[in-house]
Structures are given as C-alpha cells and as structure tokens.
Amino acid sequence: MISDTDTATVVWRKSSRSGSGENCVEAARVGGMVAVRDSKRPAGPNLAFTSSEWGRFIESVKANAFVA
C-alpha cells in the first residue's frame, strides 16, 4: 500500500508521447513500488505495483500484447 504521504513528494512522470494532453496516466517510483494515477485527478487514488509487475506490464505494452 502506498499512502498519500508517500506520494506527496515524488516526481510523477508521463509518457513523452502524451504531448500536452491531459488524458494520461502518470507513474512514480515510491520505494520498491510504482504508483500510477490519472493525470486529470492528481489528488485522487492511485494504483500500486511492484517493480517486477510494472516491468512486465511495460514489456507487454512494447510487444503490442494489448492490441486486438
């Protein structure tokens, strides 16, 4: 679990492919976890993944595993 206190001072990043769009997800490293949030709701809830879970997700995206 990642608390609001843990995410208050982290650097949130979004894909460089997002441009200036506001409909993005942002990710931040928090200890050994990766927090993910909706850029439109920065104060809203976030999801937490282990570094290995996040790495597998990123590799799947790069391999087009989610393209129908």
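**Close-up views of a predicted model**

**View 1. Val34 and its bridge partner across two strands.** Phe49 of β3 is the bridge partner of Val34.

**View 2. The chain as a whole, for orientation.** Two helices and three strands are found in the chain, and starting from the N terminus their order is α-β-β-β-α. The C-alpha trace extends about 35 × 30 × 15 Å along its principal axes. Of the 68 residues in the chain, 24% are buried. The accessible surface amounts to about 5,200 Å², and carbon and sulfur atoms hold 55% of that. Among contacts with a separation of 6 or more, 19% come from residues 24 or more positions apart.

**View 3. The hairpin of β1 and β2.** Six bridges join strand β1 (residues 25–30) to strand β2 (residues 33–38) in the antiparallel sense. Two residues sit between the strands of this hairpin, where Gly31 adopts a positive phi near 65 degrees. As a reminder for anyone following the side chains, those in a regular strand alternate between the two faces of the sheet.

**View 4. Glu26 and Arg37, face to face.** Which residue of β2 stands opposite Glu26? It is Arg37, and these two residues also form a salt bridge, with 2.7 Å between the closest N and O atoms. Since Glu26 belongs to strand β1 and Arg37 to strand β2, the pair ties together parts that are 11 residues apart in sequence. Are the two partners buried or exposed? Arg37 counts as buried at 15% relative accessibility, and Glu26 is buried too, with a relative accessible area of 14%. In general, side chains of opposite charge can pair when their charged atoms come close.

**View 5. Asp38 and Lys40, the other salt bridge.** The count of salt bridges comes to two. Here Lys40 pairs with Asp38, and the closest N and O atoms are 3.3 Å apart. Asp38 is partly exposed, its relative accessible area being 28%.

**View 6. Ser39 in its loop.** Ser39 is found in the loop between β2 and β3. With a relative accessible area of 12%, Ser39 is buried, because the cut-off for that class is under 20%. What does Ser39 touch, leaving aside neighbours within four places in sequence? Its contacts are Glu22, Asn23, Cys24 and Glu26.

**View 7. Trp12 and the largest nonpolar core.** Six residues make up this core: Ile2, Val10, Trp12, Ala28, Val30 and Ala35. Trp12 deserves a view of its own. Not counting residues up to four places away in sequence, Trp12 touches Thr7, Glu26, Ala27, Ala28, Ala35, Val36, Arg37 and Asn46. Both members of the Glu26–Arg37 salt bridge are therefore among the residues that Trp12 contacts, by the 4.5 Å heavy-atom cut-off.

**View 8. A nonpolar patch on the surface.** Our last stop is on the outside. Phe57, Val61 and Phe66 form a nonpolar patch there, and together they have about 290 Å² of accessible area. Phe57 has its place in helix α2 (residues 51–62).

How values were computed. Residues are numbered from 1 along each chain as its sequence is written. This is a predicted model: local features need pLDDT of at least 70, side-chain atom pairs count only at pLDDT 80 or more; totals for chains, interfaces and linings use all residues. Side-chain values use heavy atoms; hydrogens and water are left out. Patches are made of residues with over 30% relative accessible area and no salt bridge: like charges are joined within 9 Å, nonpolar side chains (Val, Leu, Ile, Met, Phe, Trp, Tyr) within 5 Å. Accessible areas come from the Shrake-Rupley method with a 1.4 Å probe; for residues, only the protein chains shown count as cover. A salt bridge is a side-chain nitrogen of Lys or Arg within 4 Å of a carboxyl oxygen of Asp or Glu. Helices (H or I, at least four residues) and strands (E, at least two) are DSSP runs, numbered from the N terminus. Two strands pair if DSSP finds at least two bridges between them. A nonpolar core is a set of buried Ala, Val, Leu, Ile, Met, Phe, Trp, Tyr and Cys residues joined through side-chain atoms within 4.5 Å. Buried means under 20% relative accessible area, exposed over 50%, partly exposed in between (1.4 Å probe, protein chains only).
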